[in-house]
Amino acid sequence: MRKIRRSLWHRHKIYRARRARSKSKATFIGVTGSSGKSTAAALLGHILASHGPVYTQVLANAIDALASTLYKRMWKSGKVDHVVFEAGAYGVDTIRPMAELLKPHVAVVTMVRLEHLASFRTLENVALEKRALVDALPPGGLAVLNADDPHVLGMASGTRHRVVTFGRTEDADYRVTDTQAAYPETLSLTVRWRGGTLDLKTLFPAKYLWLPTAAAVATALELGVPPEKVAARVATFRPLVNRCQVLVIEDGPHFLVDTAKAPWHSINLAIDMVAKAKVASKRIVLGQISDYVGSTRKYRDAYNTAREVAGQVIYVGDNAHRSGAGQADRDGGRFVELRTPREVSDHIRKTAVPGELILLKSSSNLHLERSRSPGPTMSNAGSRFAEKGLDARDAACSKCPSSNIAPTSESAGGPGYGSGLG
């Protein structure tokens with residue numbers, strides 16, 4: 001009986017959402033991809049808010065969140081010009097129903113990577129799932145695609161809509177050049193397109209975040225936001241909580257917190273961010289790697305790469321024993337094996353050096369972000385909110401009807417916050 005009631009309530013929500021969507025005059029934008037979609041969607045909403053009222057739904061990226069967005073949250077926000085929705089896959093054929101409900105005017109695809117092996121198995125299957133958002137575009141709709149990813153670029157074939165591309169390849173409509181980042185220097189890049197050249201300065205600590213930045217910038221420019229507004233908004237956007245977020249403890253370490261997800265392709269990117277940092281002392285804390293819970297080889301490869309970059313590598317969780325670290329590294333303190341985030345926090349508190357850089361990298365179920373060493377103040381303006389589990393922009397936007405970011409309270413369960421698999 002409980003299942004029947006849940007099913008009836010879900011169908012009722014979908015019905016109300018379809019009615020609300022049919023009455024809305026807003027431009028609907030769907031953002032998907034294996035990685036980078038949360039940042040791209042949130043940044044795009046941040047940019048569009050300078051151009052008119054916008055509702056942005058990120059992190060909670062499944063169909064229930066979309067239905068609630070359409071029939072309840074948008075209505076509470078009042079009239080909006082744009083709706084930005086992050087669409088995540090939590091199984092085979094889960095984006096298609098969302099796309100049919102959203103009916104996007106614009107579809108943005110960041111990348112295709114082989115994540116969530118149990119569900120998708122191959123890159124081709126991942127691409128097919130993501131393409132459902134593009135296929136839902138009406139004739140004359142706009143697809144914004146990553147020109148550097150052949151699986152994403154392939155989504156342009158056989159379509160009835162307009163396609164623009166972004167990337168570092170010379171053929172991209174929005175070509176990214178001059179990407180630079182070396183913490184504490186944050187990411188800067190240049191975007192060149194038919195309308196000119198735009199130099200951008202961001203608050204991101206990593207070079208690889210040029211991709212979601214370019215996706216958001218290209219989409220905003222195509223939607224008519226003036227370049228000077230785009231640049232100004234990009235310069236003020238702070239990374240989402242636990243997604244390459246910088247937290248600075250006064251008279252203590254600097255944390256790079258990247259604990260929302262940890263697909264294999266992101267591990268070396270995160271380590272490279274630390275390698276390029278211009279700081280004297282570096283440590284890397286690695287928790288669980290997504291999809292490779294039992295893979296000794298992946299954990300060994302990650303350790304061998306990390307130990308070349310950091311003075312100390314800390315493995316934490318049920319897979320910490322898979323590092324392959326030698327006895328000399330263990331005895332000399334080059335490698336530390338711990339079980340819980342609390343143990344990591346205690347270890348860092350005892351050994352922290354002012355100004356050192358500590359990367360926290362793991363999938364979300366370990367909650368490695370709890371390893372942050374507590375401090376009285378943090379230089380990141382949003383950190384006091386992050387300590388309460390909130391994004392600083394949530395607090396700011398609660399007072400501003402023109403831009404709404406979905407709540408970011410953590411949930412490790414089914415569809416909802418952070419539950420999308422891509």
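Helix α11 (residues 296–307) has 12 residues, which at 1.5 Å a residue should span 16 Å, and its end C-alpha atoms are 16 Å apart, in agreement. The expected span is 1.5 Å times one less than the number of residues in the helix. Helices here are DSSP runs of H or I of at least four residues and strands are runs of E of at least two, numbered from the N terminus. The buried residues of α11 are Lys298, Tyr299, Ala302, Tyr303, Ala306 and Arg307; buried means under 20% relative accessible area, exposed over 50%, and partly exposed in between, with a 1.4 Å probe and protein chains only. Viewed down the axis of α11, these buried residues fall within an arc of 155°, so they line one face of the helix. The arc is taken from the directions that run from the helix axis to the C-beta atoms. An α-helix has 3.6 residues a turn, so residues three or four places apart point the same way. The cover over the buried residues of α11 includes α10 (264–276), β12 (282–286), β13 (312–316), α12 (327–331) and β14 (335–338).

The model is predicted: local features need pLDDT of at least 70 and side-chain atom pairs count only at pLDDT 80 or more, while totals for chains, interfaces and linings use all residues. Residues are numbered from 1 along each chain as its sequence is written, and side-chain values use heavy atoms, with hydrogens and water left out. The protein has a mean pLDDT of 83, and 82% of its residues reach 70 or more; pLDDT is the predictor's confidence in each residue, from 0 to 100. Over residues 375–422 pLDDT stays under 50, and for this stretch the model has 109 contacts beyond four places in sequence, a contact being heavy atoms within 4.5 Å.

The largest nonpolar core has 76 residues, of which Ile47, Val230 and Tyr315 touch the most other members. Helix α8 (residues 210–222) gives the most to this core, with nine residues. Apart from it lies another core of 32 residues, including Leu66, Ala67, Leu70 and Val83. A nonpolar core is a set of buried Ala, Val, Leu, Ile, Met, Phe, Trp, Tyr and Cys residues joined through side-chain atoms within 4.5 Å. Leaving out residues up to four places away in sequence, Ile47 touches Ala216, Val217, Ala220, Val225, Val230, Arg233 and Val234.

Strand β3 (residues 82–86) is mostly covered, with five of its five residues buried. His82, Val84 and Glu86 point one way from β3, and Val83 and Phe85 point the other way. Its pairings are tabulated below; two strands pair if DSSP finds at least two bridges between them.

| Strand paired with β3 | Sense | Bridges |
|---|---|---|
| β1 (residues 27–32) | parallel | five bridges |
| β2 (residues 54–57) | parallel | four bridges |

Opposite Phe85 in β3 stands Gly30, and Val84 is the bridge partner of Thr56.

Some backbone geometry remains to be noted. Most residues other than glycine have a negative phi, and most peptide bonds are trans. Tyr183 and Pro184 are joined by a cis peptide bond with omega of about 10°, and Pro184 lies in the loop between β7 (174–182) and β8 (185–193). Asp178, found in strand β7, has a positive phi near 55°. Lys103 has a positive phi of about 50° and sits in the loop between α4 (95–102) and β4 (106–109). Asp178 is partly exposed at 44% relative accessibility, and Lys103 is partly exposed at 48%.
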